[in-house]
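Here is a short tour for anyone who likes to keep a structure open on the screen while reading. Please bring up the sequence and the model, and let us walk through them together.

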Amino acid sequence: QVQLVESGGGLVQAGGSLRLSCAASGRTFGSYAMGWFRQTPGKEREFVAGFKWSGPSTYYADSVKGRFTISGEYAKNTVYLQMNSLKPEDTAVYYCAAGAATAQAMASARPSLFPSWGQGTQVTVSS
């Protein structure tokens, strides 16, 4: 199982930027697609972006295309989510996950089936 630790959340004004980091560890971390999800109170956890080291390949939810960029730095065992032009509706707890076969599959797989999740990092965007 891959161990994941998120960081980089915070409070920003609308239109601002944040970069989230997901530090991964484990013998087979490079074998899994990884991605970011977000969740607000009372709502389902929703897919944001997926990434796989081979390629590399990426996949994004329509709501964040053109604003968010997912990337990875293999030597640091870290996946990033650069978030630009943030909107109040982006406010959520952001979670890193691993376990799907492809970046795109991160969007369709049931989140409860992923074997690895981070603890989450809060992102708050004010108007």
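Over the face of which ring does R45 lie, and at what distance from the ring centre? The ring is that of Y95, and R45 sits 3.8 Å from its centre. R45 also lies over the face of W117, there at 4.5 Å from the ring centre. Do keep in mind that this is a predicted model.

**The aromatic rings**

Y95 and W117 belong to a cluster that ring pairs build from F37, F47, Y59, Y95, F114 and W117. The count for the model comes to 8 aromatic pairs. The geometry of two of them is set out here.

| Ring pair | Distance of centres | Angle of planes | Type |
|---|---|---|---|
| F37 and F47 | 5.7 Å | 75° | edge-to-face |
| F114 and W117 | 5.7 Å | 65° | edge-to-face |

Why is the pair of F37 and F47 edge-to-face? Planes over 60 degrees apart count as edge-to-face, and the planes of F37 and F47 stand at 75°, so the pair gets that name. F37 lies in strand β4 (residues 33–39) and F47 in strand β5, so their pair ties together parts that are 10 residues apart in sequence. Both F37 and F47 are buried.

The planes of F114 and W117 are at 65°, so this pair is edge-to-face too. Is F114 buried or exposed? F114 is buried, with a relative accessible area of 7%, whereas W117 counts as partly exposed at 23% relative accessibility.

**A proline beside the cluster**

P111 is placed in the loop between α1 (105–108) and β10 (116–117). Leaving aside residues up to four places away in sequence, P111 touches F37, R45 and W117. With 25% relative accessibility, P111 counts as partly exposed. Its C-alpha atom is 9.7 Å from that of E44, although P111 and E44 are 67 residues apart along the chain.

**A buried lysine**

Now move to K52, which is found in strand β5 (residues 46–52).

**Strands and their partners**

In a regular strand the side chains alternate between the two faces of the sheet.

Which strands pair with β11? Strand β2 (residues 10–13) pairs with β11 in the parallel sense over 4 bridges, and G10 has V123 as its bridge partner in β11. Strand β9 (residues 92–100) runs antiparallel to β11 and is joined to it by 3 bridges.

Finally, have a look at the hairpin of β7 and β8. Strand β7 (residues 68–73) and strand β8 (residues 78–83) pair in the antiparallel sense over 6 bridges, and Y80 in β8 is the bridge partner of S71. This hairpin has 4 residues between the strands, and N77 takes a positive phi near 55°.

Technical notes:
Residues are numbered from 1 along each chain as its sequence is written. This is a predicted model: local features need pLDDT of at least 70, side-chain atom pairs count only at pLDDT 80 or more; totals for chains, interfaces and linings use all residues. Side-chain values use heavy atoms; hydrogens and water are left out. Helices (H or I, at least four residues) and strands (E, at least two) are DSSP runs, numbered from the N terminus. Two strands pair if DSSP finds at least two bridges between them. Rings of Phe, Tyr and Trp (its six-membered ring) pair if their centres lie within 6.5 Å; planes under 30 degrees apart count as stacked, over 60 as edge-to-face and the rest as tilted. Buried means under 20% relative accessible area, exposed over 50%, partly exposed in between (1.4 Å probe, protein chains only). A charge sits over a ring if NZ of Lys or CZ of Arg is within 6 Å of the ring centre and within 35 degrees of the ring normal. Contact means heavy atoms within 4.5 Å.
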